[in-house]
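Please look over the sequence and the model shown here before reading on. The briefing that follows is grouped by topic.

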Amino acid sequence: MVAVAGCLSLTPIMAMHRVELKPASDSGEYQVDPIDSSVSYVHEGLRLRVQHMTSDQLEAQIPGEENPFVFKHVDYDQGFVPQRFTVFQVTLANPTFDKVLAQPHRVYLVTDRGKIMRPYALTRADASGDPRNFETYWLSRGVQSGNAQKIYLERMAVLRGSIYQPNNFVFKGNTYSGKLAFDPLPIDTREVVLHIDRLVLEFGIYDVPKTQTDLEFLFSVDSRIVEGALVQN
């Protein structure tokens, strides 16, 4: 009996912090897809689509240890698997204009408590001194040698191919897609607004922006701690 009790103690219930963001507006030039809960700004055929990516969706896309967007283990100080980042997939499809441009450094997220959050750049050079960049984030967690170095390089390769990169003109007939990653939302967050400022719809001579627009995507937040399956410690 003692041996059985000891075995059972090795399989605690794993709690997880789950976060789902649902579009809270569907009017005018903003259209919500009820199937995947994405929201799109539509203007003269151009479509800028934003979808919040849950941890489950990110795990399905990148199932291995090289996934740079999610935690896979319990944080025993908190007692659950936390969120690592808040991630949006942004897709810009341009069938209409000569070329358009959305810059990630002109994007920010505002919570209902007034907290302003900026997306992570890829490298320290891209961030221009801002500590919110993936290179600093991972190097600060220890990747000096061996397997940790290998996983770091794999994660940076995933990020290089998946985040929304700056200075990507989307020419007529083309589509560009990438992820924007922010710090995790506070657990008590109930609403956020994603701002994409100065989306350039038209350029003048020497690529000087001529027509620009500011976009706001409102999301309600379902943030909760849930119990998962029994797992071996």
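**Aromatic residues, a helix and a strand**

Y137 and W138 are both buried, where buried stands for under 20% relative accessible area, exposed for over 50% and partly exposed for what lies in between, with a 1.4 Å probe and protein chains only. This is a predicted model, in which local features need pLDDT of at least 70 and side-chain atom pairs count only at pLDDT 80 or more, while totals for chains, interfaces and linings use all residues. Residues are numbered from 1 along each chain as its sequence is written, and side-chain values use heavy atoms, with hydrogens and water left out.

**Aromatic pairs and charges over rings**

- Across the whole structure there are 14 aromatic pairs, a pair being rings of Phe, Tyr or Trp (its six-membered ring) with centres within 6.5 Å, called stacked if the planes are under 30 degrees apart, edge-to-face if over 60 and tilted for the rest.
- The ring centres of Y30 and Y41 are 5.7 Å apart and the planes meet at 55 degrees, so this pair is tilted.
- Because Y30 lies in strand β2 (residues 30-33) and Y41 in strand β3, the pair ties together parts that are 11 residues apart in sequence; strands (E, at least two residues) and helices (H or I, at least four) are DSSP runs numbered from the N terminus.
- Y41 is buried, with a relative accessible area of 4%.
- For Y137 and W138, ring centres 5.0 Å apart and planes at 85 degrees make the pair edge-to-face.
- One aromatic cluster is formed by F69, F85, Y120, F134, Y137 and W138.
- The charged end of R141 sits over the ring of Y137, 3.5 Å from its centre, on the criterion that NZ of Lys or CZ of Arg is within 6 Å of the ring centre and within 35 degrees of the ring normal.
- K99 lies over the face of F203, at 5.3 Å from the ring centre.

**Helix α5**

- The buried residues of α5 are I151, Y152, R155, M156, L159 and S162.
- Viewed down the axis of α5, these buried residues fall within an arc of 135 degrees, so they line one face of the helix; the arc is taken from the directions from the helix axis to the C-beta atoms.
- On the other side of α5, G146, N147 and G161 are exposed.

**S38 in strand β3**

- S38 is placed in strand β3 (residues 38-43) and counts as buried at 2% relative accessibility.
- The side chain of S38 makes polar contacts with the side chains of D36 (2.7 Å) and R49 (3.3 Å), a polar contact being a pair of N or O atoms within 3.5 Å, where within protein one must be able to donate a hydrogen and the other to accept it, and residues adjacent in sequence count only if both atoms are side-chain atoms.
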